[in-house]
Amino acid sequence: MGEVSVTRSTERSAALFERAQRALVDGVSSPSRGPLNYHPHPLYMARGSGGRMTDVDGNEYVDLMLAFGALIHGHAHPRLVDAMQRAVADGALTATASEVEVEVAERISAVHPSAERVRFANTGTEACMAALRLVRGYTGRSKIVKFEGHYHGWADAYSLRSNMPGGPDVDSLGIPAGALADTLVVPWNDADAVEQALDANRGEVAAIVTEPVMANLGVIPPVDGYLTTLRELADAHGALLYVDETVTGFRLGAGGACGRFGVRADLVTFGKALGAGFPVAAIAGRADVMDALAGGAVLHYGTQNANPALLAVVRESLALLDAPAYADLERLADTLVAGLRDALAGENVLVQYVGPMLQVYFTDGETDAIRSYRDFGAHVDRDRFNSFVHALFDEGVYTSPSPALHSVLCTAHTDEDVERVVTAARAAAARI
Ligand SMILES: Cc1ncc(COP(=O)(O)O)c(C=O)c1O
């Protein structure tokens, strides 16, 4: 990673990092927030308001990371703060049935084409784990087809990034081979590869598991008709289609990616934007599939499931997510992407986006698009992106320095924020 000289003071962040390394592993609470991506130290944030964040040294940033996409309304939206304060005053957690869980489930079913029944969980990882057990429990089959570079949380069975002839690329130490024995990994955006995997494992595949927009290697859209082909292939092989909408749900429209691309999933999972900044996730899907959870037949428990205080915030957040809110997000994204393409025109840069999710890829100049995990590995200049983002920090814009993550816009962002980002990008590119 090339060092970028900075003009803003981040002294207090530096001191906190020094201290934090003695108390916390890597000085942070998740590897992507630490020395893996940030140098010479992470920026310690103090507070956020709307589409902006302020660090402990008082520097302000337009926030395009938005808690990895969780903050669909930005920081501290007054109506969400108010909903939370009122709900907490009523007792935050009952771990009983509650009216608000019925209301929010009804709302999700009303707007998402694949959500006939809903079950709440707390994080995307947890919802994806429950979905895995559910597809296996419902079908009585063990294998899943997943895709190279897709992420569905950090559970063992999903933690196989690729399985090319050179050998498996496993996400973590500590995963026994048996946990991955039923995980088939094929390239995404390649319908033939899925068909071959299903043919070679006839009658054994419980589900095709996919992100609908590849969001853990930047932003890679599905090629035309691809998700519909996955639907058809699943049907032809008696497998379920499980679409992981943790990133796309309530971001690409009220109906998520399924609504946007016109695909019917048997099962979906939500997290991030659903919780609007709080740990609320959900599994949803076809009634008969979801009903396999009934009575704990497929077991999914959780003391914190459907926390009423958090769901009171979600109810308010979903009420704010009307058609004009989504239309505004799309318009802002079009403006931002056009501005970034113009500002970075002199560079080997591709800006890819779907609605308010976008990524700037610094490439080797040998491709006109990043369409897959393999393209990403072959063409993306990770170090240059990392330097670019560190220069952006100094220009007052925050996003993840990892090119595998992506930027998002929220309903609190304004045209002025977009202009600031474009100006900062122009300046940052000139500095690296
Ligand atoms: C597609 C997808 N699924 C699941 C997850 C896991 O969600 P969480 O971080 O809430 O556990 C993520 C997180 O980035 C994700 O991108």
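1. Helix α4 passes helix α10 in a left-handed crossing, a term used when the near helix is turned anticlockwise from the far one by less than a right angle. The axes of α4 (residues 99–111) and α10 (residues 308–320) come within 9 Å and cross at roughly 35°; axes here are lines fitted to C-alpha atoms over the stretch in contact, with angles running from 0 to 180 degrees between N-to-C directions. Helices (H or I, at least four residues) and strands (E, at least two) are DSSP runs, numbered from the N terminus.

2. This is a predicted model, in which local features need pLDDT of at least 70, side-chain atom pairs count only at pLDDT 80 or more, and totals for chains, interfaces and linings use all residues. Residues are numbered from 1 along each chain as its sequence is written, and side-chain values use heavy atoms, with hydrogens and water left out.

3. Where the two helices meet (contact means heavy atoms within 4.5 Å), α4 contributes Val100, Glu101, Glu103, Val104, Arg107 and Ile108, while α10 contributes Pro308, Leu311, Ala312, Val314, Arg315 and Leu318. By class, this contact has eight nonpolar, no polar and four charged residues, where Ala, Val, Leu, Ile, Met, Phe, Trp, Tyr, Cys and Pro count as nonpolar, Asp, Glu, Lys and Arg as charged, and the others, Gly among them, as polar.

4. The ligand is surrounded by 13 residues, of which Gly124, Thr125, Asn216, Asp244 and Lys272 are the closest; a residue belongs here if one of its heavy atoms lies within 4 Å of the molecule. This shell divides into three nonpolar, seven polar and three charged residues, and its largest share, three residues, comes from helix α5 (residues 124–139).

5. Among the polar contacts (pairs of N or O atoms within 3.5 Å), a polar side-chain atom of Thr125 lies 2.6 Å from an oxygen atom of the ligand, and a side-chain N or O atom of Thr246 is 3.3 Å from a ligand nitrogen atom.

6. The peptide bond from His39 to Pro40 is cis, with omega near -5°, and Pro40 lies in the loop between α1 (11–23) and β1 (45–49).

Notes:
Polar contact = N/O pair within 3.5 Å; in protein donor to acceptor, adjacent residues only side chain to side chain.
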